[in-house]
Amino acid sequence: MQIDPGHLTLDQLQAIHAGGVKLTLPDSARQAIHASAQVVQAAADGDAPVYGVNTGFGKLANQRISKAQLDTLQLNLIRSHSVGVGEPLQPEVVRLMLALKAASLARGHSGVRQVVVDTLLAVHNAGLVPLVPSQGSVGASGDLAPLAHMTLALLGEGEMLVDGRAVPAAAALASAGIEPLRLGAKEGLALINGTQTSTALALHALLAFEPVLEAALVIGALTVDAARGSDGPFDPRIHALRGQPGQIDVAQYYRALLAGSEIRRSHMEGDDRVQDPYSLRCQPQVVGACLDVMRHAALVLLREANAVTDNPLVFSATNGQPGEMISGGNFHAEPVALAADSMALAIAEVGSIAERRIAMLIDSGVSRLPPFLTADAGLNSGFMIAHVTAASLASENKSLAHPASVDSLPTSANQEDHVSMATFAARRLQSMIANTSNILGIELLAAAQGIEFLRPLRSSAALEQVHALLRAQVATIAQDRYLAPEMARATALVRDGSLARILRTLPNLPVLWKPA
């Protein structure tokens, strides 16, 4: 797959995340890379102090480095910054890191040689995964520690993950026929200065949450029918008057999912209930707002994936003007941090309203279904404690949703006095997605159980397909039994795209958040 620096698409990023693709650059990128490398070489050959070329780093920027030590300066930078801790980042995240860094450097504003970009792509294309500890970055001046670990492996001094175990990077490179990289002036700084780790983590969450959000729509619709709720709140005229795009689209999803339901037709007359609980009728307003947040995050992350975020930046000679290097702050990951924090709120809210729907289903006074969705309540507890699990997960997500971006701590002797915390902001999203997925898995079991109390009436064709898919994995719960493994199987349907695929087969529905 050819990647055009500055023009990566979300579909391409999804393919890189999934793995199995080989990446190439267009020939046009080579000229820009070479031109910027010449600017850096001129600075290295000159006598003027240039940050990151012939000076120290951070608080040590006033220290001059001799020409004979410029390559050593870059090597020392990588070694000293490889200080991460914690579990290794997932291979999907590291693949994105390699690809995003290569694409950023290939835009020709970082001053590295072609061999640096080629080595990044070679390691990616060989299926090698540098071992990158998950903790240790504050999201400015770039994702220093994780990117240093990635770079150390390219030098043959770090470790690679092979079949889930750590092996010396030198051996992994040798087995793949890749020559260890030797750094020139500014190249170590260009490799570790940038937002590629936090961006990769946030993209990892965005892509992981896509099928979960689609499953939430499907399961929410199934719960509407199980509770004999009204489809009136999904009338397009209501949502057009408000004008919120996500809300309009979510209402359309629900209309499509519920179309043709016998259960709905059965209580259109003679039902003494005037309005449904908010967890049913306000789904477009709540989940639609979450969809809008995720769509905005996708746009921010796609821009960041295409950005040049190291420092200083190199501007090649043009129109008779000499090339120059300018220090700035594109490495500050605030856009990623704020996007990840907003994603956290959306992920938590999708789980929160799902937990409320479970509570509604097991409450016979509201749902008019048997207490705790069991025919012999008392002898059987039914979904009583499954709901407690859902409540605990929703509460945990509330704590995890606390914004990371407001928690800046100064570093580097106050030289780097405001940081983004973007890496943690994005990393914690995986735990939140897991919690919301488990809540939805419990709701799927509960809603399917509720539907069966309404037989012989049938739901819509799409929702009956959902019901059959679940029952192929989990039998009807006629009496209390060991439920945890069955909850896990239901949650797998939420996460693996099985429910999302049913939604995607319905015609003329908008996509979720893929930017045009």
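Modeller: A ground rule before we start: buried means under 20% relative accessible area, exposed means over 50%, and partly exposed is in between. And keep in mind that this is a predicted model.

Colleague: Fine. Then where does Asp 118 fall, buried or exposed or in between?

Modeller: In between. Asp 118 has 31% relative accessibility, so it counts as partly exposed.

Colleague: Which residue does Asp 118 form a salt bridge with?

Modeller: Arg 30. The closest N and O atoms of the pair are 3.9 Å apart. Asp 118 sits in helix H5 and Arg 30 in helix H2 (residues 28-45), so the bridge ties together parts that are 88 residues apart in sequence. Arg 30 counts as partly exposed because its relative accessibility is 40%.

Colleague: Why can such side chains pair at all?

Modeller: Opposite charges can pair when the charged atoms come close.

Colleague: How many salt bridges does the count come to?

Modeller: 17 salt bridges.

Colleague: Give me another. What does Asp 47 meet in a salt bridge?

Modeller: Lys 67, at 3.7 Å from N to O. This pair links distant parts of the chain, 20 residues apart. Asp 47 and Lys 67 are each in the loop between H2 and helix H3 (70-81).

Colleague: And are those two buried or exposed?

Modeller: Asp 47 is exposed, because its relative accessible area is 62%. Lys 67 is at 49%, so it counts as partly exposed.

Colleague: What about Asp 235? How far apart are the closest N and O atoms in its salt bridge with Arg 237?

Modeller: 2.7 Å. Arg 237 has 64% relative accessibility, so it counts as exposed.

Colleague: Which residues are linked in a network of salt bridges?

Modeller: Arg 455, Arg 458 and Glu 464 make up one such network.

Colleague: Switching to rings. How many aromatic pairs does the count come to?

Modeller: Two. In one, the ring centres of Tyr 51 and Phe 57 are 6.2 Å apart and the planes are at 85 degrees, so that pair is edge-to-face. The cut-off for edge-to-face is over 60 degrees.

Colleague: Buried or exposed, those two?

Modeller: Tyr 51 is at 22% relative accessibility, so it counts as partly exposed. Phe 57 is at 17%, so it counts as buried.

Colleague: And how are Phe 234 and Tyr 254 arranged?

Modeller: They are stacked, with 5.1 Å centre to centre and 15 degrees between the planes. That pair links distant parts of the chain, 20 residues apart. Phe 234 is in the loop between helix H9 (196-226) and helix H10 (236-242), while Tyr 254 is in helix H11 (residues 245-258).

Colleague: How far is Val 116 from Leu 154?

Modeller: 9.2 Å, C-alpha to C-alpha, and 38 residues in sequence.

Colleague: Glu 355 next. Buried or exposed?

Modeller: Buried, because its relative accessible area is 8%. Glu 355 is in helix H15 (residues 334-362). Setting aside neighbours within four places in sequence, Glu 355 contacts His 387, Ala 390, Ala 391, Ala 394 and Ile 439.

Colleague: Tell me about H19. How long does it reach?

Modeller: 35 Å from first C-alpha to last, close to the 34 Å expected at 1.5 Å a residue. Helix H19 (residues 429-452) has 24 residues.

Colleague: Is H19 mostly covered or mostly open?

Modeller: Mostly covered, with 21 of its 24 residues buried.

Colleague: Last one, the surface. Which residues make the nonpolar patch of about 250 Å²?

Modeller: Met 384, Ile 385 and Val 388. Val 388 is in helix H17 (residues 384-400). At 44% relative accessibility, Val 388 counts as partly exposed.

Technical notes. Residues are numbered from 1 along each chain as its sequence is written. This is a predicted model: local features need pLDDT of at least 70, side-chain atom pairs count only at pLDDT 80 or more; totals for chains, interfaces and linings use all residues. Side-chain values use heavy atoms; hydrogens and water are left out. Patches are made of residues with over 30% relative accessible area and no salt bridge: like charges are joined within 9 Å, nonpolar side chains (Val, Leu, Ile, Met, Phe, Trp, Tyr) within 5 Å. Accessible areas come from the Shrake-Rupley method with a 1.4 Å probe; for residues, only the protein chains shown count as cover. A salt bridge is a side-chain nitrogen of Lys or Arg within 4 Å of a carboxyl oxygen of Asp or Glu. Helices (H or I, at least four residues) and strands (E, at least two) are DSSP runs, numbered from the N terminus. Buried means under 20% relative accessible area, exposed over 50%, partly exposed in between (1.4 Å probe, protein chains only). The expected span of a helix is 1.5 Å times one less than its number of residues. Rings of Phe, Tyr and Trp (its six-membered ring) pair if their centres lie within 6.5 Å; planes under 30 degrees apart count as stacked, over 60 as edge-to-face and the rest as tilted. Contact means heavy atoms within 4.5 Å.
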